[in-house]
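User: Could you walk me through how to read pockets and a nonpolar core in a model such as this one?

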Amino acid sequence: MLKNTGIITPEELENVMPPRARLEKGPVAIIECLQDLPCDPCVSACPVNAIQMKAGITDKPQLVFDTCTGCGACVPKCPGLAIFIVNMKHAPGLATLSLSYELLPVPAKGDEVEALDRSGTAICRAKVVRVINTPAYDRTAVVTIEIPADRINEIRAIRV
Ligand code: SF4
Ligand code: SF4
């Protein structure tokens, strides 16, 4: 489990993955935050109140899947780099995954990077299709890569 290995298990992932029907509608967040931490910037970052913490700041964030628009505003605000956006409607057989990236160099649109799983193992090459790196994000770039649609549960990092 995450607590022992630092890597989310398939069972833990099932609890935070949007349902298939919501994934098929387009971009949506996946919040892989499973511990009761005193942390909540994701809640105030969301313009549509799709992230809830009913028991206060140490509660785990709960995403209201049908309210989330997949805008990505919460991604760079998470200090745990635990929020991802997946878009299953990107192209036939392909999805996009947006993730926080705090290393240098920051890749550019059009670059090819290695897509990694949660343990750092390379899964495939991936094309960078968008990079947002504005002062408002305070040096946390949000990088969007194109990945095989059947790897959305596995790919969670990149190597430039
Ligand atoms: S992706 Fe946008 S709408 Fe969805 S939870 Fe994050 S901030 Fe809210
Ligand atoms: S900001 Fe990130 S680490 Fe903090 S509660 Fe939200 S998802 Fe978890």
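**Pockets and core**

Analyst: Rolling a probe the size of a water molecule over the atoms shows where empty space is left. In this predicted model, the largest pocket holds about 460 Å³ of space, and of the 25 residues lining this pocket, Glu32, Cys33, Gly80, Leu81 and Ala82 are the closest to its centre.

User: Which elements each supply at least two residues of that lining, and how is the lining made up by class?

Analyst: H4 and E4 each supply at least two residues of the lining of the largest pocket, and by class this lining has 18 nonpolar, 3 polar and 4 charged residues.

User: What volume does the second largest pocket have, and which residues line it?

Analyst: The second largest pocket has a volume of about 220 Å³, and its lining includes Leu81, Phe84, Leu99, Tyr101, Arg156 and Val160. Two or more residues of this lining come from each of E5 and strand E9 (157-159), while the division by class is 8 nonpolar, 1 polar and 3 charged.

User: How should I read the largest nonpolar core, and which of its members touch the most others?

Analyst: In soluble globular proteins, nonpolar side chains tend to be buried together. Here the largest nonpolar core has 44 residues, among which Leu63, Ile83, Val86, Val143, Ile145, Ile147 and Ile152 touch the most other members. Among the elements that each supply at least two residues of this core are helix H2 (10-16), helix H4 (41-45), strand E4 (83-91) and strand E8 (141-148).

User: With neighbours within four places in sequence left aside, what is valine 143 in contact with?

Analyst: On that basis, valine 143 is in contact with Leu97, Ser98, Leu99, Tyr101, Pro107, Val128, Arg130 and Ile158.

Technical notes:
Residues are numbered from 1 along each chain as its sequence is written. Chains are lettered from A and ligands numbered from 1 in the order in which they are written. This is a predicted model: local features need pLDDT of at least 70, side-chain atom pairs count only at pLDDT 80 or more; totals for chains, interfaces and linings use all residues. Side-chain values use heavy atoms; hydrogens and water are left out. A nonpolar core is a set of buried Ala, Val, Leu, Ile, Met, Phe, Trp, Tyr and Cys residues joined through side-chain atoms within 4.5 Å. Buried means under 20% relative accessible area, exposed over 50%, partly exposed in between (1.4 Å probe, protein chains only). Helices (H or I, at least four residues) and strands (E, at least two) are DSSP runs, numbered from the N terminus. Contact means heavy atoms within 4.5 Å. On a 1 Å grid over the protein atoms alone, a cavity is a set of points where a 1.4 Å probe fits but cannot get out, and a pocket is an open set with protein on both sides within 12 Å along at least five of seven lines; lining residues have an atom within 4 Å of a point. Grid points are joined across faces, edges and corners, and a volume is the space filled by probe spheres set on the points. Ala, Val, Leu, Ile, Met, Phe, Trp, Tyr, Cys and Pro count as nonpolar, Asp, Glu, Lys and Arg as charged, and the others, Gly among them, as polar.
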